Protein chains: 2
Amino acid sequence: MNSSDLLFTPLGGLGEIGMNMMVLESASDALIIDCGVMFPDSRDYGVDLILPDFSYLEKIKHKIRALLLTHGHEDHIGAVPYLLRVIKPKIYGSSFTLALLRTKLEEDHRHLSVSLNETKPNQKIKLGVFSVEFLQVTHSIVDGMGLAIHTPQGTVIHTADFKIDSGSYRGKKITLQKFQEYGKRGVTLLLSDSTNVEHQGKSLSEEQIHQELEKICRKAPGRIIFSVFATNIRRMEQVLQIALKFKRRVVLLGRSIETNVPIAVDQGFIGAKEASALIDSQDIDEVHPEQLMVICTGSQAEEHSALWRMSQGEHKHIRISMGDWVILSSKFIPGNEKAISRLINNLYRRGAEVFYEKVANVHISGHAYAQELKQMIEAVKPRFFIPVHGEYRHLVRHGQLAQSLKIPPHHIFVCENGDRILFSNGKAQRLEPLEFQPLLIQSEGKGRLETEVLKERRQLSQTGVVCVIKSIDGLHIYSRGVLGEAENKSVTKRLKEHLLRFLKGTKLSDSDLQEELRLQTRRFFKEELGIKPVVFPILLVRS
Amino acid sequence: MNSSDLLFTPLGGLGEIGMNMMVLESASDALIIDCGVMFPDSRDYGVDLILPDFSYLEKIKHKIRALLLTHGHEDHIGAVPYLLRVIKPKIYGSSFTLALLRTKLEEDHRHLSVSLNETKPNQKIKLGVFSVEFLQVTHSIVDGMGLAIHTPQGTVIHTADFKIDSGSYRGKKITLQKFQEYGKRGVTLLLSDSTNVEHQGKSLSEEQIHQELEKICRKAPGRIIFSVFATNIRRMEQVLQIALKFKRRVVLLGRSIETNVPIAVDQGFIGAKEASALIDSQDIDEVHPEQLMVICTGSQAEEHSALWRMSQGEHKHIRISMGDWVILSSKFIPGNEKAISRLINNLYRRGAEVFYEKVANVHISGHAYAQELKQMIEAVKPRFFIPVHGEYRHLVRHGQLAQSLKIPPHHIFVCENGDRILFSNGKAQRLEPLEFQPLLIQSEGKGRLETEVLKERRQLSQTGVVCVIKSIDGLHIYSRGVLGEAENKSVTKRLKEHLLRFLKGTKLSDSDLQEELRLQTRRFFKEELGIKPVVFPILLVRS
C-alpha cells in the first residue's frame with residue numbers, strides 16, 4: 001500500500017444480517033468499526049453464537065488505533081469480549097453504547113483494564129492518519145451514531161444502522177442535515193445499511209406506532225403485557241407515557257430490561273416523569289389489573305424469558321388469564337417465527353388477547369426502507385458506494401438502487417466478508433479476498449466448534465447412534481436415538497443374532513472386520529427402520 | 001349417541017396448518033374428510049412426515065362409509081397411503097384430486113384394490129344417513145371442492161381451502177352462489193378455512209398476478225426460470241399463456257411438475273393451445289435464452305429440487321448466469337425462510353436477477369383473507385361455527401370474526417385436534433376430548449418415531465456422544481460430535497487419565513460405577529468445553 005491508499009475489508013455483516021465488523025486501513029493505521037455477534041437458528045447443533053473471524057486483525061494488530069462502536073445492539077458490540085482475548089484496542093462509542101458494553105464486560109474480570117472512551121455527537125477524534133466524527137442517527141436503540149471518517153483518500157461516510165423518522169425525538173426534529181453537509185463538501189465512499197432495501201417506500205414513524213399502541217391500551221380491559229427488545233428505549237419511553245396517560249403503574253420483568261431501563265433513566269434517555277410510572281415487581285399484587293402494565297422481555301419467544309414463562313404458566317408474578325392483553329412490539333426475526341407462533345398460540349390458549357406485527361401496527365423496524373435509503377444516497381452523493389449490513393441479495397438490491405441514482409456500476413462494490421477494496425489515487429479496485437471462516441461458539445466461548453464436529457452432530461441428530469462392541473465375552477450393543485423402548489429389546493436381539501451369524505463365517509482382518517461390522521449394522525437398520533445410524537464398531541479382542 | 005345426533009371430531013389441522021383430517025359421525029355412520037400430512041422443520045431430527053393419529057378411526061371402523069377428499073394438496077391427501085394400512089374406506093374426490101392420489105398410490109402395489117370414486121361438482125352422493133354434495137371452490141390447485149353434507153342435524157358446510165377470486169377462471173366468473181343458496185335454506189354448521197384470517201382485506205386476484213408476471217416477462221433479457229408449486233396448475237397455465245404471447249418455448253424441470261402438467265393437460269385444466277408452448281428438456285439447447293422459459297420445482301428451496309440444483313451450479317440442463325431472471329411464484333412457508341433466503345442469495349451470486357413475493361406481486365395465496373372469510377360467513381349464515389385449518393391463534397381470530405358477524409359466542413367452538421362437539425336436538429356441546437398423539441414418520445413410513453427417540457436425538461445433536469468402555473485390557477474412549485480433529489487426541493488422553501485416576505481409588509458396585517463413569521465424563525467435558533455430552537458408560541469386566 002502507498003502512504004495515501006485506503007483499504008476496506010468487511011469481516012462481518014456483508015452476506016448476513018448480524019456480526020457486523022469492518023476494517024478501514026491506511027499503510028500505517030487501521031480502524032475497526034463494530035464487533036458484533038450473530039445468533040444461530042434455535043437448533044443449530046449446540047452453537048450459541050457466531051463471531052467474525054478475527055485472524056486478519058491479529059495480523060494487522062500493530063496498526064489498529066481504535067474500535068469504533070456505532071451503537072449498542074448485540075450484532076454490533078456482542079463480540080467485543082471475544083475480541084479482547086485476541087487484541088485490546090481503545091474503544092470509542094456513545095454513552096449508552098458504552099454503558100451496555102460495560103455491563104457485558106463486567107461479567108468477566110479480565111476486561112477491567114479496557115479503555116472505553118465516550119464520544120459525543122459531532123465530536124472529532126484524531127486516530128493516526130484518520131479523524132472521525134460521530135453523527136447522530138435514528139435507530140431502534142438510543143444514542144446510535146453514524147461515522148464520518150477523514151482518510152487520505154477523502155471522506156468515508158458510514159450510515160451505521162439507521163432510519164429516517166419523519167417525526168421528532170425528545171422534542172428535536174430528526175434531519176439528515178449533517179449528512180447533507182458532508183455531501184456538499186464531497187464524499188469518497190458511502191457505506192450504507194441494506195437491511196430493509198426489500199421494503200418499498202418509507203417506514204412508519206415511531207409516532208404512528210405510538211398512536212396505535214395508545215389506541216390498544218385505551219381499550220384494554222385488564223393487564224397490559226408489553227414485550228419489547230431490552231434495548232428499544234424509545235419504545236419503552238413511549239409506553240411509559242401511555243401508562244401515565246391511562247394512570248397505569250408499570251412493572252419491568254426480565255433481566256436485560258431491568259438492567260437497561262435504569263441506565264437509560266440515569267443517562268436521560270427516559271425522562272424522570274416517565275420513570276415515575278415504574279413500581280417494584282414486589283408490589284405487583286397491590287395494583288388492580290386494569291391499572292397495571294408490564295414491560296417484559298421475550299418478544300422472540302426466547303426460552304426462559306419473562307413472556308415465554310408466562311406463556312407456559314410458569315412465571316412467578318404473572319399468570320395469564322382472560323382479560324390480559326399482550327403486545328409483541330417487535331419483529332418476527334427469521335428463524336424465530338415458529339417459536340413466536342407457538343408462544344402466541346399458548347398465550348391465546350391461556351385466554352389472552354395478543355397483538356403483534358402481523359395484525360396491528362405495534363412495531364416498526366429501526367432500519368430504513370428503500371425510499372429512505374435513496375434519500376441517504378442523495379444526501380451524501382458519494383463517488384463510490386458499498387452496501388453493508390445485509391444478506392447478499394440485500395447488498396445487490398441496494399447496489400441497484402444506487403445505480404438508479406446515477407452512481408456508475410464500476411463505482412459500486414457488492415462485497416462479502418473477507419473481500420478487500422483498495423482506494424488509490426481516486427480509483428478503486430478489488431484485491432484478492434481474505435480466507436474467511438466465522439467462529440462458532442458453544443457454551444459462552446469455552447469451546448470453538450469445528451465444522452467437522454457440527455457435521456457429526458447433524459448426522460447424530462438425524463439417525464441416532466449405535467455402539468457395537470466385540471469383546472472376549474461376546475457381542476454388546478448399545479444405542480441412543482434409534483429405538484423406542486417398546487422395540488429396543490427385540491430389534492437389538494435380532495441385530496445381535498444377525499451380526500453373530502456374520503461373524504461366524506468371516507475371516508477378515510481387524511480393520512476390515514471393524515468396517516464390515518459398521519456396514520452390516522447400518523444395512524440392518526436400513527432394512528428395519530429405513531435409516532442408517534452412526535455406528536461405533538469396537539473390537540476389544542482379536543477376531 | 002341418539003340416532004339423530006351428530007358428532008364432529010377434528011383429527012388434524014386444528015392447531016396447525018397441515019395434516020388436515022376430520023370426522024363427522026352419526027350413531028350408525030361416519031365420514032372422514034381429508035387425510036393429509038404435515039412437513040416438519042428441515043432439521044426435525046430425522047422426521048420426514050407428521051400424520052394425524054388414526055387410532056380413533058380404528059375404533060369406529062365399522063361405521064366409516066367414505067373418505068371425502070376436498071383437493072389434491074399433500075396436507076389433504078398425503079396421509080392416504082398410511083391410512084390404507086389401517087382401514088380401507090371408499091374414497092371420493094374430484095378428477096384432478098384422484099389423479100394425484102393415483103400417482104401416489106401407484107408407488108405401492110398394496111393399494112391397487114382401493115376404491116376411488118370420481119365426483120363432479122354439484123353431484124350428490126348418499127353415504128349412510130348422510131348425503132354429500134361437492135361444491136366447486138377456487139384455491140391454489142384446480143378442481144378443489146367444498147362440501148355440503150346433509151346430516152340428521154341439518155346441513156353442514158365445509159368450505160375446504162378456498163379463496164374468493166374477483167376474476168374468472170377459464171372464462172367462468174367465480175361466485176359464492178351455491179353457498180348462498182344453502183345459506184338461504186338454512187345451515188346448521190359452517191366449517192371454514194382459517195389460514196389467512198390474520199390478513200386484512202381481500203387477497204389479490206390471480207389476474208393481478210398475471211399482469212405482474214407479464215410485466216416482468218416482457219422485460220426479461222434472457223432465460224426466464226419460473227418456480228412454482230407442482231400443483232399450482234392455474235398459475236402454470238397463466239405462465240404458458242405469457243410464454244405464447246412473448247413467443248417463448250417452455251421446458252418443465254422437476255419430477256412432480258413433469259408428472260402433474262401432463263395430467264392437467266389431459267384433464268383439460270391446461271388448454272391444448274397453452275400446452276403447445278411446451279418442448280422436451282432434451283431440446284433445451286436448441287432454443288435461444290431470450291426465447292426460453294423454464295417452469296421448475298424448488299420454490300421452497302427443497303434440497304435436490306430443480307431450482308436448488310441450479311442455485312448450487314449442479315443442474316444438468318441449466319447453468320445460471322448473468323441475464324437469467326428467476327421468479328419464485330410461491331409463499332415463503334414458515335420454517336423454510338432461511339433455506340429460501342440462501343437459495344435466492346446463491347442465485348444472485350451466480351448473476352441472476354430474482355423476483356419473489358417480498359419484492360414483487362408474483363404470488364398470491366390460495367386462502368381467503370379476512371374480508372373474504374366474512375363474505376363466506378355472510379353467505380352461509382350458519383347457526384354454529386367451527387373455524388378449521390389453522391394454528392390456535394388463527395382459529396381464535398376466525399371465531400372473533402364470526403362473533404363480529406353476530407354469531408353468538410356459545411355457537412362458536414374453537415377446537416383442537418381430538419376435541420369433540422356433539423350436536424343434538426339443535427344444541428351443541430363439548431364432549432370429553434380424545435387422547436391424541438400425531439404420528440412422526442421417518443423414511444417413508446418404515447418406522448414410527450417415538451417421542452423418546454426424538455428427545456435422545458435432540459440431546460445428541462446439541463452435545464455429541466462419548467463412549468467409555470472399561471474392559472479387561474483397560475479403558476477405551478470413543479466420541480462423535482464432541483471434539484475436532486485438532487484437539488481429539490490430547491483431550492481424550494486427558495479424560496482417560498482422569499478416569500483411570502478415579503477408577504484406582506474407587507470400590508463401587510458395577511451399577512454405581514457405571515453411573516459414576518458417566519458423571520465423571522460429563523463433568524470433565526463441562527470443565528473442558530462447557531458441554532455435557534451424552535455418555536455410554538460400558539463395563540465389560542467386573543471392577
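Trainee: Is D283(A) buried, partly exposed or exposed, and what is the relative accessible area?
Mentor: D283(A) is partly exposed, at a relative accessible area of 32%. Please keep in mind that this is a predicted model.

Trainee: Where in chain A is D283(A) found?
Mentor: D283(A) is in the loop between β17 (278-279) and β18 (292-296) of chain A.

Trainee: Which residues form the negative surface patch?
Mentor: The patch consists of E258(A), D280(A), D283(A), D285(A) and E286(A). Patch members need over 30% relative accessible area, and D283(A) has 32%.

Trainee: On to salt bridges. How many does the structure hold over all chains?
Mentor: Over all chains there are 39 salt bridges. One of them joins R235(A) to E206(A), with the closest N and O atoms 2.8 Å apart. That pair links distant parts of the chain, since R235(A) belongs to helix α7 (residues 233-245) of chain A and E206(A) to helix α6 (residues 206-219) of chain A, 29 residues apart.

Trainee: Are R235(A) and E206(A) buried or exposed?
Mentor: Both R235(A) and E206(A) are buried.

Trainee: Which residue of chain A forms a salt bridge with E416(B)?
Mentor: The partner of E416(B) is R349(A), and their closest N and O atoms are 2.6 Å apart. This pair crosses between chains: E416(B) lies in the loop between α13 (392-404) and β22 (420-424) of chain B, and R349(A) in helix α11 (residues 337-349) of chain A.

Trainee: Why does R349(A) count as partly exposed?
Mentor: R349(A) counts as partly exposed because its relative accessibility is 35%, and the class covers values between 20% and 50%. E416(B) is also partly exposed, with a relative accessible area of 23%.

Trainee: In which helix do R518(A) and E515(A) lie?
Mentor: Both lie in helix α16 (residues 510-529) of chain A, three residues apart, or about one turn of the helix. R518(A) is partly exposed at 25%, and E515(A) is partly exposed at 35%.

Trainee: Let us change topic to strand β3 of chain A. Which way do its residues point?
Mentor: In β3 (residues 30-33), A30(A) and I32(A) point one way and L31(A) and I33(A) the other way, and all are buried.

Trainee: In what sense do β2(A) and β3(A) pair?
Mentor: Strand β2 (residues 21-25) and β3(A) pair in the antiparallel sense over four bridges. They form a hairpin with four residues between them, and L24(A) stands opposite L31(A).

Trainee: And how many bridges join β3(A) to β5(A)?
Mentor: Four bridges join β3(A) to strand β5 (residues 64-68) of chain A, and the two run parallel. There, L67(A) is the bridge partner of I32(A).

Terms used: Residues are numbered from 1 along each chain as its sequence is written. Chains are lettered from A and ligands numbered from 1 in the order in which they are written. This is a predicted model: local features need pLDDT of at least 70, side-chain atom pairs count only at pLDDT 80 or more; totals for chains, interfaces and linings use all residues. Side-chain values use heavy atoms; hydrogens and water are left out. Patches are made of residues with over 30% relative accessible area and no salt bridge: like charges are joined within 9 Å, nonpolar side chains (Val, Leu, Ile, Met, Phe, Trp, Tyr) within 5 Å. Accessible areas come from the Shrake-Rupley method with a 1.4 Å probe; for residues, only the protein chains shown count as cover. A salt bridge is a side-chain nitrogen of Lys or Arg within 4 Å of a carboxyl oxygen of Asp or Glu. Lys and Arg count as positive and Asp and Glu as negative; His and the chain ends are not counted. The place of a charge is taken as NZ of Lys, CZ of Arg, CG of Asp or CD of Glu. Buried means under 20% relative accessible area, exposed over 50%, partly exposed in between (1.4 Å probe, protein chains only). Two strands pair if DSSP finds at least two bridges between them.
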